[in-house]
Amino acid sequence: MKAKGIIIVGFLIAVAVVLFLTTRDKQAAQPDVVTAALSASAAALPPPAPATEISMLYSSEKQEWIEAALADFKKEHPEISLRLKAMGSIDAAQAIVDGSEKPTIFSPADSLVQNLLMSDWQTKYKTELFAATGDDAPQPIVITPLVFVIWEDRANALLKASRGEISWQAIHKAVKSNEGWPAVGGQPAWGFVKLGHTDPTRSNSGLQALLLMTLDHYKKTSGLAVGDLLNPKYQAFIGEIEKGVPRFETSTGTFMTDMVRFGPSKYDIAVVYENLAIAQLENAQGRWGNLKVYYPATTLWSDHPIAVLQADWVTPAQKQAAGIWIRYLKSRPVQEKALAYGFRPADTGVPLKTASATNPFTRLTQHGVKIDIPPVAQVPDGQVVKNLMMMWTRVVGK
């Protein structure tokens with residue numbers, strides 16, 4: 001009986017061992033089955049689509065705002081890879097014409113350069129570089145007017161000598177006189193009148209300054225023709241004003257910084273974009289007296305147009321991606337952020353008067369910054385712009 005019991009117990013133990021080993025093997029194999037199933041499922045999914053690559057060539061004046069916008073755009077649109085390049089507007093336009101730059105999107109500082117580029121492109125390639133109408137046509141994303149920035153004591157002398165208005169005629173009278181500042185009621189210690197603006201053949205703000213001098217001479221706000229630029233009296237007027245410029249810089253930001261750093265020993269008067277003046281005004285106060293903004297009787301907008309190029313290197317997918325980026329820049333939150341950088345939003349629904357402590361249009365009124373500005377001149381076509389630059393090179397060209 002004992003032997004039979006031992007045999008039964010042994011049998012049960014053997015069965016238990018077999019069951020244990022079988023269950024263990026199945027459990028060990030289970031992860032492999034799951035892994036294999038997941039691998040098969042993953043293999044069946046299509047690979048993620050690569051990001052659409054686009055590029056934007058744009059004027060350096062708005063670099064801080066554009067780069068800040070891109071940082072947020074990347075988070076919302078990982079499917080778009082955007083490469084930025086900041087460059088002087090006139091040099092950038094020439095680079096597109098000669099083929100050394102092939103951006104998807106171009107945004108110069110203003111329509112002057114855009115018109116010049118369209119004219120040069122049409123002449124060379126016999127095609128239109130931008131759409132003429134519709135959503136694809138060039139449209140502004142931010143705007144800023146051209147202004148005078150003047151040390152307040154110098155400005156007071158000019159205002160007194162010109163019946164309360166700072167005009168190109170008043171500056172012309174002050175600059176051309178060999179008597180210097182005393183010719184317009186200034187102090188002898190101030191020496192000669194030192195005017196600052198950039199090279200009109202290299203920098204957009206210099207080209208705008210030249211156009212405003214020209215319009216002021218002819219008492220026009222529109223309708224400038226090539227024939228107007230051939231008048232010897234007009235050319236003499238331009239040449240006499242430009243005698244007051246010690247050096248024609250290629251960067252508006254550079255000479256604006258020099259004006260603040262070195263004071264009136266470097267420049268008495270500067271012609272700059274309002275947004276650049278805003279960026280420097282608070283740094284300047286108390287260094288060499290007060291620096292203030294003055295608006296000419298007629299000014300020009302830097303309207304920062306933006307558009308996708310109708311060029312053979314731009315694909316339909318890139319055009320679509322570029323449209324998403326442009327709409328993002330025009331969105332209200334991004335337009336509102338432009339205020340902090342001294343720009344006026346192109347979106348007319350964004351108010352300039354706000355309670356924000358970072359809004360310079362309410363914070364800097366004591367330094368001459370205004371919300372309402374004088375009349376704005378009409379931008380001439382590309383052929384007039386090209387001849388204006390040629391005239392300056394022949395008459396001044398230093």
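Is Arg163 buried or exposed? Arg163 is exposed, at a relative accessible area of 84%. Here, buried means under 20% relative accessible area, exposed means over 50%, and partly exposed lies in between, with a 1.4 Å probe and protein chains only.

Some ground rules. This is a predicted model, where local features need pLDDT of at least 70 and side-chain atom pairs count only at pLDDT 80 or more, while totals for chains, interfaces and linings use all residues. Residues are numbered from 1 along each chain as its sequence is written, and side-chain values use heavy atoms, leaving out hydrogens and water.

Back to the backbone. Most residues other than glycine have a negative phi. Arg163 has a positive one, near 60°. Arg163 sits in the loop between helix 5 (152-161) and helix 6 (168-176). Helices are DSSP runs of H or I with at least four residues, strands are runs of E with at least two, and both are numbered from the N terminus.

Now His304. Its phi is also positive, about 40°, and His304 is not a glycine. You find His304 in the loop between strand 9 (301-302) and strand 10. His304 is buried, with a relative accessible area of 1%.

Next, the pockets. Rolling a probe the size of a water molecule over the atoms shows where empty space is left. On a 1 Å grid over the protein atoms alone, a pocket is an open set of points with protein on both sides within 12 Å along at least five of seven lines; a cavity is a set where a 1.4 Å probe fits but cannot get out; lining residues have an atom within 4 Å of a point. Points join across faces, edges and corners, and a volume is the space filled by probe spheres set on them.

The largest pocket has a volume of about 510 Å³. It is lined by 29 residues. Nearest its centre are Ser60, Glu61, Gly253, Asn275 and Leu276. Helix 10 gives the most to this lining, six residues. By class, the lining has nine nonpolar, 14 polar and six charged residues. Nonpolar covers Ala, Val, Leu, Ile, Met, Phe, Trp, Tyr, Cys and Pro; charged covers Asp, Glu, Lys and Arg; the others, Gly among them, are polar.

The second largest pocket has a volume of about 240 Å³. Of its 13 lining residues, Asp135, Asp136, Gln139, Gly323 and Arg327 are the closest to its centre. Strand 10 (305-308) and helix 11 (316-329) each give two or more residues to that lining. Helix 11 has the largest share, five residues.
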